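Thanks for coming, everyone. Let me put today's protein on the screen, and then we'll walk through it.

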Amino acid sequence: MAADDAALLRALHDEHAPALRRYVISLTGSTLNADDIVQETLLRAWRKPAVLDQSEASARAWLFTVAHNLVIDGVRSAKNVHEVATDELPDVPREEDIDARFDAWLVADALSELSIEHRAVIVHAYYGGRSTAEIARELGIPEGTVKSRMHYGLRALKLALQEKGVTR
């Protein structure tokens with residue numbers, strides 16, 4: 001690019017970039033991609049030197065048209081459909097988190113093998129933190145039945161876990 005073209009492009013940027021950015025933000029409602037779209041618009045002007053030779057009003061109209069088309073292309077793109085922008089980084093799982101998740105998966109899988117009655121009592125007690133009396137009231141069964149189902153349910157759960165390779 002000739003020195004004259006570089007100076008024209010710099011002048012084009014200085015003159016129109018702030019207004020282009022505001023325009024793109026007004027279209028998208030987001031500042032996340034506005035700078036990228038303005039940069040791409042000016043890059044396209046740099047690649048098409050004929051734009052630099054136009055009158056200032058024509059160059060401005062061309063820049064705003066290109067920016068508008070880039071916004072539309074961005075909205076239509078698969079990237080926009082499948083990606084969600086966020087300011088927060090995802091949590092990096094720690095080793096103990098992975099172990100806890102694996103253990104929870106194993107227990108949930110073993111619980112699914114129990115009878116509905118045994119599973120209900122165990123889930124109410126351990127996940128719900130309820131007492132024997134509360135479980136009896138909620139399930140509409142005697143306290144003795146709750147204790148019996150808890151006993152046999154825990155034995156069945158232990159067996160199911162042993163079958164999955166969990167030993168203790």
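The rule: ring centres of Phe, Tyr and Trp (its six-membered ring) lie within 6.5 Å, with planes under 30 degrees apart called stacked, over 60 edge-to-face, and the rest tilted. Before the details, some housekeeping. This is a predicted model, where local features need pLDDT of at least 70 and side-chain atom pairs count only at pLDDT 80 or more, while totals for chains, interfaces and linings use all residues. Residues are numbered from 1 along each chain as its sequence is written, and side-chain values use heavy atoms, with hydrogens and water left out.

Back to the rings. A pair of aromatic rings is described by the distance of the centres and the angle of the planes. Tyr23 and Phe64 are tilted, at 5.1 Å centre to centre and 55 degrees between the planes. Tyr23 sits in helix α1 and Phe64 in helix α4, so this pair ties together parts 41 residues apart in sequence. Helices here are DSSP runs (H or I, at least four residues), and strands are too (E, at least two), numbered from the N terminus. Phe64 is buried, at 18% relative accessibility. Tyr23 is partly exposed, at 24%. The cut-offs: buried is under 20% relative accessible area, exposed is over 50%, partly exposed is in between (1.4 Å probe, protein chains only).

The other pair is Phe102 and Trp105, also tilted, with 5.6 Å between centres and 35 degrees between planes. Both lie in helix α6, three residues apart, about one turn of the helix. Trp105 is exposed, with a relative accessible area of 52%. Phe102 is partly exposed, at 46%.

**The overall fold**

Step back a moment. How many helices and strands does the protein have? Nine helices and zero strands. Buried residues make up 23% of the 168 residues. Now contacts, meaning heavy atoms within 4.5 Å. Among contacts with a separation of 6 or more, 57% join residues 24 or more positions apart. The accessible surface is about 11800 Å², and 54% of that belongs to carbon and sulfur atoms. Those areas come from the Shrake-Rupley method with a 1.4 Å probe; for residues, only the protein chains shown count as cover.

**Inside**

Next, the nonpolar cores. A core is a set of buried Ala, Val, Leu, Ile, Met, Phe, Trp, Tyr and Cys residues joined through side-chain atoms within 4.5 Å. The largest core has 18 residues, and Leu12, Leu20, Val24, Ile37, Val38 and Leu63 touch the most other members. Elements giving two or more residues to this core are α1 (3-28), α2 (34-47) and α4 (56-76). The top contributor to this core is α4, with seven residues.

Take Leu63. Leaving aside neighbours within four places in sequence, Leu63 contacts Leu12, His16, Leu20, Thr41, Leu42 and Ala45. Apart from this core lies another, of 14 residues, including Leu114, Ile122, Ala136 and Val146.

Now look at Thr41, in helix α2. Is Thr41 buried or exposed? Buried, with a relative accessible area of 0%. Beyond residues up to four places away, Thr41 touches Leu20, Trp62, Leu63, Val66, Ala67 and Leu70.

**Charges**

On to salt bridges: a side-chain nitrogen of Lys or Arg within 4 Å of a carboxyl oxygen of Asp or Glu. The count comes to five. Asp109, Glu113 and Lys164 are linked in a network of salt bridges. Lys164 pairs with Asp109, the closest N and O atoms being 2.9 Å apart. Lys164 is in the segment after α9 and Asp109 in helix α6 (residues 95-111), 55 residues apart.

Lys164 also meets Glu113, at 2.8 Å, N to O. Glu113 lies in the loop between α6 and α7, and Lys164 in the segment after α9, so the pair ties together parts 51 residues apart in sequence. Glu113 is partly exposed, at 45% relative accessibility. Lys164 is partly exposed too, at 28%.

A further bridge joins Glu138 and Arg130, at 2.5 Å, N to O. Glu138 is partly exposed, at 44%. Arg130 is partly exposed, at 32%.

**One surface patch**

Last stop. Val123, Tyr126, Tyr127 and Leu154 form a nonpolar surface patch, with about 410 Å² of accessible area together. Patches are made of residues with over 30% relative accessible area and no salt bridge; like charges are joined within 9 Å, and nonpolar side chains (Val, Leu, Ile, Met, Phe, Trp, Tyr) within 5 Å. Helix α7 (residues 116-127) gives the largest share, three residues. Leu154 is found in helix α9 (residues 143-163). Leu154 counts as partly exposed, at 31% relative accessibility.
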